[in-house]
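Trainee: I would like to learn how to read a few features of a protein model. Could we take them one at a time?

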Amino acid sequence: MKPLNKLILSLVLFAISVSNPFSVMAQEIVEKFTARNGLYLEAGGSSGRYAVNYSRIIHQKGKLKLNASVGFSMWRSSIDFASYSSTKWLPALPMEFTGFYGRGNHHLELGFGLISYLDQGIDPDPNTFKLDENMVFGANISTRIGYRYQKPEGGLFFRVGYTPFFAVPVGRRGEWSFQPYFAGVSIGKSF
């Protein structure tokens, strides 16, 4: 057999072995998530401190799933200034959009979120020297890189992620700030 014919035959056999239709079909089968809703508790992460969240898979194609979530939390806010002291529980609303990629139960998760919250502050009145208490709006934009465990048919739901965030210059904050050291963990149920 001529060397050129041997090379062509070798390439054809190699191509057939690599593109075996049975192995390709087995790799392409990806389970559809029938449990598209989730209810979970998150500590840290895009919720800031903690939150109870509801999530829904809004789109899925192949190994990629797109997810949106919204939550609710009450944060303790305290002011101790000279002889003035005040403690209040104020609402926080975390929202997040993520994409997770993978087969079966294990996924890489990437995304971003926004948390809006109320905080309290005090301003001295220059005329009366009294302290005026006020509410201020605050917001953070978070990012997420993490691991997500979720079964397509529902059940235990778990995720852990690195979630650095940007503090938005609203309310009392005059400029952007970046917090690179932040993480979170979530556990709940998908249904």
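**The cavity and the rest of the fold**

Mentor: Start with the largest cavity, where strand β6 (residues 131–150) gives the most to the lining, with three residues. Keep in mind that this is a predicted model.

Trainee: Which residues line the largest cavity?

Mentor: The lining is made up of Gly 45, Ser 46, Gly 48, Ile 115, Asn 140, Ile 141, Ser 142, Thr 163, Phe 165 and Phe 182. Sorted by class, four of the lining residues are nonpolar, six are polar and none is charged.

Trainee: How much space lies in the largest cavity, and how many cavities of 30 Å³ or more are there?

Mentor: The largest cavity holds about 50 Å³ of space. The count of cavities of 30 Å³ or more comes to one.

Trainee: How many helices and strands does the protein have?

Mentor: There are two helices and ten strands. Read from the N terminus, the order of elements is α-α-β-β-β-β-β-β-β-β-β-β. Of the 191 residues, 35% count as buried. Among contacts with a separation of 6 or more, 55% are between residues 24 or more positions apart.

Trainee: Now the aromatic rings. How is a pair of them described?

Mentor: By the distance of the ring centres and the angle of the planes. This structure holds six aromatic pairs. In one of them, the centres of the Phe 97 and Phe 112 rings are 6.0 Å apart and the planes stand at 50 degrees.

Trainee: Why is the pair of Phe 97 and Phe 112 called tilted?

Mentor: Planes under 30 degrees apart count as stacked and over 60 as edge-to-face, so a pair at 50 degrees is tilted. Phe 97 lies in strand β4 (residues 84–101) and Phe 112 in strand β5 (residues 106–124), so the pair ties together parts 15 residues apart in sequence. Phe 97 is partly exposed at 31% relative accessibility, and Phe 112 is partly exposed at 48%.

Trainee: What are the distance and angle for Phe 166 and Phe 178?

Mentor: Their ring centres are 4.8 Å apart and their planes are at 40 degrees, so this pair is tilted. Phe 166 belongs to strand β8 (residues 165–167) and Phe 178 to strand β9 (residues 177–179), so parts twelve residues apart in sequence are tied together. Phe 166 is partly exposed, with a relative accessible area of 35%; Phe 178 is partly exposed at 42%.

Trainee: Which residue lies over the face of Phe 100?

Mentor: Arg 148 does, at 4.1 Å from the ring centre.

Trainee: Let us turn to single residues. Is Gly 71 buried or exposed?

Mentor: Gly 71 has a relative accessible area of 8%, so it counts as buried. Its place is in strand β3 (residues 64–81). Leaving out residues up to four places away in sequence, Gly 71 touches Val 52, Asn 53, Ala 92, Leu 93 and Pro 94.

Trainee: Where is Lys 32, and is Lys 32 buried or exposed?

Mentor: Lys 32 sits in the loop between α2 (21–28) and β1 (37–44). Its relative accessible area is 54%, so Lys 32 is exposed. Neighbours within four places in sequence aside, Lys 32 is in contact with Gln 60 and Pro 152. From Lys 32 to Gly 62, 30 residues apart along the chain, the C-alpha separation is 7.9 Å.

Definitions and conventions: Residues are numbered from 1 along each chain as its sequence is written. This is a predicted model: local features need pLDDT of at least 70, side-chain atom pairs count only at pLDDT 80 or more; totals for chains, interfaces and linings use all residues. Side-chain values use heavy atoms; hydrogens and water are left out. Rings of Phe, Tyr and Trp (its six-membered ring) pair if their centres lie within 6.5 Å; planes under 30 degrees apart count as stacked, over 60 as edge-to-face and the rest as tilted. Helices (H or I, at least four residues) and strands (E, at least two) are DSSP runs, numbered from the N terminus. Buried means under 20% relative accessible area, exposed over 50%, partly exposed in between (1.4 Å probe, protein chains only). A charge sits over a ring if NZ of Lys or CZ of Arg is within 6 Å of the ring centre and within 35 degrees of the ring normal. On a 1 Å grid over the protein atoms alone, a cavity is a set of points where a 1.4 Å probe fits but cannot get out, and a pocket is an open set with protein on both sides within 12 Å along at least five of seven lines; lining residues have an atom within 4 Å of a point. Grid points are joined across faces, edges and corners, and a volume is the space filled by probe spheres set on the points. Ala, Val, Leu, Ile, Met, Phe, Trp, Tyr, Cys and Pro count as nonpolar, Asp, Glu, Lys and Arg as charged, and the others, Gly among them, as polar. Contact means heavy atoms within 4.5 Å.
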